[in-house]
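Subject: The structure we talked about

Hello,

Here is the structure I promised to pass on. Please have it open while you read, as my notes follow below.

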Amino acid sequence: MSHYDVIIIGAGTAGLNARRAAKANGATKVVLIDGGPLGTTCARVGCMPSKLLISAANANYGVKKARVFGIETQDPVVNDQAVLERVRFERDRFVGFVMEGIDNVPQEELIREYAEFIDDHTVQLSGGRQLTADKFVLAVGSRPRHMPLLDGAEDLVLSSDHIFEIKSIPKKVAVFGPGVIGLELGQALSRLGADVRLFGRSGSIGGIQDPEIREYATKTFAEEFYTDTKATIHSVRKENGQAVIEYDHKEQGKIEESFDFILTASGRVSNTDRLKLENTSVQVNERGTPIYNNRTMQCGESHFFIAGDANDDIPLLHEASDEGKIAGKNAGTYPKVDPGHRRTHLGIVFSEPEIASIGQGYKSFKDLVIGRVSFEGQGRSRVMAKNKGLMHLYAEKGDRRLRGAQIFGPSAEHLGHLISWVVQQELTVDQILELPFYHPVVEEGLRTALQDLQKNLDEA
């Protein structure tokens, strides 16, 4: 039976970073175990192929919108095959870059099998062998959440893990889940010619916490394609090769509609439920995910560490990268465990308008003070005919530091980065307003919101 200093289960972004950190911090015998497809979730089925599809969709939409500027155009023709071939070609190219890094892992340090725990220090591989280790890093990633409601049309249901393999853009598609994935892909399919229905249950959309911005965003998307974030779905079945959904339409009442397929995007679940953690001392929460410290990535006081999507917290590549480094470093130095550097939260949805969430969320404040701006009258936004959206900046009463923001509007991906940088630097509103703002740029909207926040703090 082979013994290791550290066994890392999962060879994605978090696992690869954990391996490097563990080896750099005292672990001499380290092995990666992964029986699934290699290449990281982001490159294979996540952020990169989705942005390729979104870019094609926005190019098509941009041609149609050129008429706003007095540019007369014919309606563009979407070549489904060419669009999807480019998505897959570039996707495979990105996966290839990731695979180059995996190929550099020595053969004896990568085991292409699945693993289950027998006890706190022993795993059994799917091939039958058993391995032992002093410490473990759980970096097994996640998978799309199963929706039993859709079982009646199961072979017409696609998740984000499969959507990029379609051969043509569907005429009509239902999207279940108005979170990041559902919103991005739903809008992209709509802009490529599909008739889209976007369904949710809780009222949320794009992960927006701020109720005023959430309401504004919901109305904006509903102007482009049918959106119901509090939908009542009565049944889903397959009939004549299509998915038939019976639901309460917002205007028409109870109706049935047929769809070419259903895209399910109701979140993801951690793959830790496949590790038989019940055979270990690892404590789990009500969702079955290991309880851990998000500064050290340690599970309780144990020799187990967790990183990436496996912890069911913030499923973002840059977070998985940081978490892998922290988990691997602490696995290497255990029982000495130190808090790692965590960056200011930054989440972006590449819809149009874009959504960005930065720093402390709306619900986390005790005495919230808000600075507001609307993009409807913002100069550069009107010039570009992208004058839709709101931005709220957050501070705590009695404290002049900018602590967070929620954006729904143009250039939110760039504004979000600027705001996250000054939040992490713990700058006050007054200090930020001393920084340069050019004219005419969308960032002038940030200055307007900062001035409003400054005034409201003075009056609070």
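Two strands count as paired here if DSSP finds at least two bridges between them. Please keep in mind that this is a predicted model.

Five strands form an open sheet in the order 18-19-22-21-20, and their pairing is antiparallel. The edges are taken by strand 18 (346-349) and strand 20 (368-374); each has a single partner strand, so one side of each is left without a neighbour in the sheet. From one strand to the next, the twist averages 10 degrees. Strand 20 runs antiparallel to strand 21 (residues 390-396), and seven bridges join the two. If you want a place to look, Val373 has Met391 of strand 21 as its bridge partner.

Next, a pair of helices. The axes of helix 1 and helix 7 (residues 317-333) come within 7 Å of each other, crossing at roughly 35 degrees. This crossing of helix 1 and helix 7 is right-handed. On the helix 1 side the contact is made by Thr13, Ala14, Asn17, Ala18, Ala21 and Ala22, while helix 7 contributes Leu317, Ala320, Ser321, Gly324, Lys325, Gly328, Lys329 and Gly332. Sorted by class, that contact has six nonpolar, six polar and two charged residues.

Now to the charged side chains. Side chains of opposite charge can pair when their charged atoms come close. The count for this model comes to 35 salt bridges. One of them joins Arg19 and Glu109, with the closest N and O atoms 3.0 Å apart. Are the two partners buried or exposed? Arg19 counts as buried because its relative accessibility is 12%, under the 20% cut-off. Glu109 is also at 12% and counts as buried.

Here are some other salt bridges to look up:

- Arg287 and Glu286 meet at 3.8 Å, N to O. Arg287 is partly exposed at 49% relative accessibility, whereas Glu286 is exposed at 72%.
- Asp338 pairs with Lys336, the closest N and O atoms being 2.5 Å apart. Asp338 is partly exposed, at 28% relative accessibility.
- Lys172, Asp195, Arg197 and Glu257 are linked in a network of salt bridges.

Finally, two single residues. Ser381 sits in helix 8 (residues 379-383) and is buried, with a relative accessible area of 0%. Which residues does Ser381 contact, leaving aside its neighbours within four places in sequence? They are Phe375, Lys386, Asn387, Pro410 and Val442.

His234 belongs to strand 12 (residues 233-239) and is partly exposed, at 35% relative accessibility. Not counting residues up to four places away in sequence, His234 touches Glu246, Tyr247, Asp248 and Lys254. Gln451, on the other hand, is 217 residues from His234 in sequence and 48 Å from His234 in space, C-alpha to C-alpha.

Those are my notes; happy browsing!

Best wishes

Definitions and conventions. Residues numbered from 1 in each chain as written. Predicted model: local features only at pLDDT ≥ 70, side-chain atom pairs only at ≥ 80, totals over all residues. Heavy atoms only, no water. Salt bridge = Lys/Arg side-chain N within 4 Å of Asp/Glu carboxyl O. Buried < 20%, exposed > 50% of the residue type's maximum accessible area, 1.4 Å probe, protein only. Helix = DSSP H or I, 4+ residues; strand = E, 2+ residues; numbered from the N terminus. Contact = heavy atoms within 4.5 Å. Axes fitted to C-alpha atoms, helices over the stretch in contact; angles between N-to-C directions. Left-handed = near helix turned anticlockwise from the far one by under 90°. Nonpolar A, V, L, I, M, F, W, Y, C, P; charged D, E, K, R; others polar.
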